[in-house]
Amino acid sequence: MATSLLLPIYPQSPRRSLARSYRWYPVRTGSKPVSLTVTKAQTSGGDGEESVVIVGAGIGGLATAVSLHRLGVRSVVLEQAESLRTGGTSLTLFKNGWRVLDAISVGPQLRTQFLEIEGMVVKNGDGKELRSFTFKDEDQSQEVRAVERRVLLETLANQLPPQTIRFSSKLKTIQSNANGDTQLELEDGSKLLAKIVIGSDGIRSKVATWMGFSEPRYVGHCAFRGLGFYPEGQPFQNKVNYIYGRGIRAGYVPVSPTKVYWFICFNSPSLGPKITDPAILKREAKELVSTWPKDLQDLIDLTPDETISRTPLVDRWLWPGVAPTASKGRVVLVGDAWHPMTPNLGQGACCALEDSVVLANKLAGAIKGGSESVEEAMESYGSERWSRAFPLTVRANLVGALLQWDNPLVCSVRDNVVIPKLVRLGPMLEHTNFECEPLFGSSET
């Protein structure tokens with residue numbers, strides 16, 4: 001018999017009796033292990049309470065769950081992995097991302113762990129400085145920090161009540177019922193019935209595929225990434241360092257007193273074979289920048305194996321009238337599941353965080369008896385966020401295409417005219433001017 005999952009709003013209504021069973025899943029965090037429970041409920045007919053299932057425990061999914069929790073709406077998060085996927089490196093958050101983290105009350109905790117970045121320096125492959133910028137000179141309100149993905153996920157997870165994250169829960173199929181509820185079948189054969197489904201399952205989203213979205217498009221560039229570790233303390237100033245070559249660019253930014261994030265982006269006509277051997281990844285990364293400053297070579301050497309990766313860069317352009325809308329019935333998308341974008345503006349995570357608070361505010365209002373229905377709230381979210389996400393996706397793509405030029409003449413003009421004399425940082429950061437709405441009616445229940 002199918003198991004339905006009931007996710008009540010706080011406080012729980014006494015109109016329905018629930019037979020509950022609990023499963024416990026340990027989550028290892030940076031400080032101490034926490035236990036997260038999953039509540040399975042068998043309902044007995046009658047009107048159900050509003051319920052929310054979030055597919056994917058990435059940044060967007062967890063931030064949405066935290067935002068809803070702050071607003072008094074309980075959710076469950078389905079994660080296909082056995083634990084939080086805390087591998088990988090770091091992500092750069094600008095002031096729009098920090099405004100969201102402050103709105104959901106985790107900003108102060110995260111700031112204490114990561115360095116504030118003062119500006120950026122642009123060099124060519126020979127190590128010659130082309131231009132330097134200071135963020136505060138351009139925008140006094142700007143805030144830039146590189147944040148370890150692991151720490152961000154663990155911090156968000158620790159804000160959630162114990163009946164929230166269900167691991168080893170890989171989505172298999174989705175089916176919409178006649179009454180608008182959604183049945184989710186998992187790979188283990190269990191079935192969940194949800195009033196509201198939020199797809200936050202990344203660039204290969206099964207929820208997005210069910211809604212009719214195309215696969216993300218490879219943009220012709222791949223990236224090596226890593227997180228260098230200096231046990232005696234890293235030697236760099238608190239600045240983003242960019243190095244531009246012909247068809248290749250690199251960058252590195254201090255994350256903490258001992259860690260430095262780096263990347264190398266290079267042109268590649270095809271995805272190439274999938275490589276996971278850290279020794280091969282390091283060797284190939286170093287070969288790409290073998291004639292570049294030694295600091296970058298040393299940084300790659302000091303990168304722990306588990307943090308290095310090679311990934312293709314992809315995006316999806318949400319053409320009006322062509323791409324499906326962000327919601328279908330009572331199913332809606334956030335983050336990379338909806339609008340994957342290249343990392344050239346540093347806005348992928350920031351945009352997912354923005355999605356989370358906007359959607360949570362609109363859904364909570366509808367769930368608690370506002371003037372909009374849930375479907376209308378989702379449509380309003382989609383319209384508002386499309387006007388933000390689509391231009392950012394296009395702009396990020398175009399910036400990446402320009403920076404990956406390999407024509408010698410064009411690169412010479414870039415290095416000797418465009419960057420030193422024409423580029424202004426202020427207009428380049430206008431997209432970070434997102435005004436984050438407070439979480440209306442926030443509740444700490």
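At what angle do helix α1 (residues 59-70) and helix α5 (residues 149-157) pack, and how far apart are their axes? Select both: the angle is about 25° and the axes are 9 Å apart. (Axes are lines fitted to C-alpha atoms, for helices over the stretch in contact, and angles run from 0 to 180 degrees between N-to-C directions.) That makes α1 and α5 roughly parallel to each other, a label for angles under 35 degrees, with over 145 being roughly antiparallel, 65 to 115 roughly perpendicular and the rest oblique. Show side chains next: Ile59, Leu62, Ala63 and Val66 of α1 make the contact with Leu152, Leu153, Leu156 and Ala157 of α5, where contact means heavy atoms within 4.5 Å.

A word on what you are looking at. This is a predicted model, where local features need pLDDT of at least 70 and side-chain atom pairs count only at pLDDT 80 or more, while totals for chains, interfaces and linings use all residues. Residues are numbered from 1 along each chain as its sequence is written, and side-chain values use heavy atoms, with hydrogens and water left out.

Zoom out and colour by secondary structure: the chain has twelve helices and 20 strands. These are DSSP runs numbered from the N terminus (helices H or I, at least four residues; strands E, at least two). Of the 445 residues, 55% count as buried, that is, under 20% relative accessible area with a 1.4 Å probe and protein chains only; over 50% is exposed and in between is partly exposed. Take contacts between residues at least 6 apart in sequence, and 75% of them join residues at least 24 apart.

Now pick lysine 95, in helix α2 (residues 95-103). Buried or exposed, this lysine 95? Buried, with a relative accessible area of 5%. Beyond its neighbours within four places in sequence, lysine 95 touches Asp139, Ser141, Gln142, Glu143, Thr432 and Asn433. Draw a C-alpha to C-alpha distance to serine 141 and you get 7.5 Å, although lysine 95 and serine 141 are 46 residues apart in sequence.

On to the rings. The whole structure holds ten aromatic pairs, counted for rings of Phe, Tyr and Trp (its six-membered ring) with centres within 6.5 Å; planes under 30 degrees apart are stacked, over 60 edge-to-face and the rest tilted. One of them is tyrosine 230 with phenylalanine 236, edge-to-face at 6.0 Å centre to centre and 90° between the planes. Phenylalanine 236 also pairs with tyrosine 252, this time tilted: 5.0 Å and 50°. Phenylalanine 236 sits in the loop between β14 (217-229) and β15 (239-244) and tyrosine 252 in strand β16 (residues 248-254), so the pair ties together parts 16 residues apart in sequence. Both ends are buried, phenylalanine 236 at 14% relative accessible area and tyrosine 252 at 5%. Then select Tyr242, Tyr244, Tyr261 and Phe263, which form one aromatic cluster.

Two more rings have a charge over them (NZ of Lys or CZ of Arg within 6 Å of the ring centre and within 35 degrees of the ring normal). Arginine 217 lies over the face of tryptophan 317, 5.8 Å from the ring centre, and the charged end of lysine 328 is over tryptophan 210 at 4.3 Å.

Last stop: histidine 221 in strand β14, buried at 10% relative accessible area. Setting aside neighbours within four places in sequence, its contacts include Cys265, Asn267, Pro312 and Gln404.
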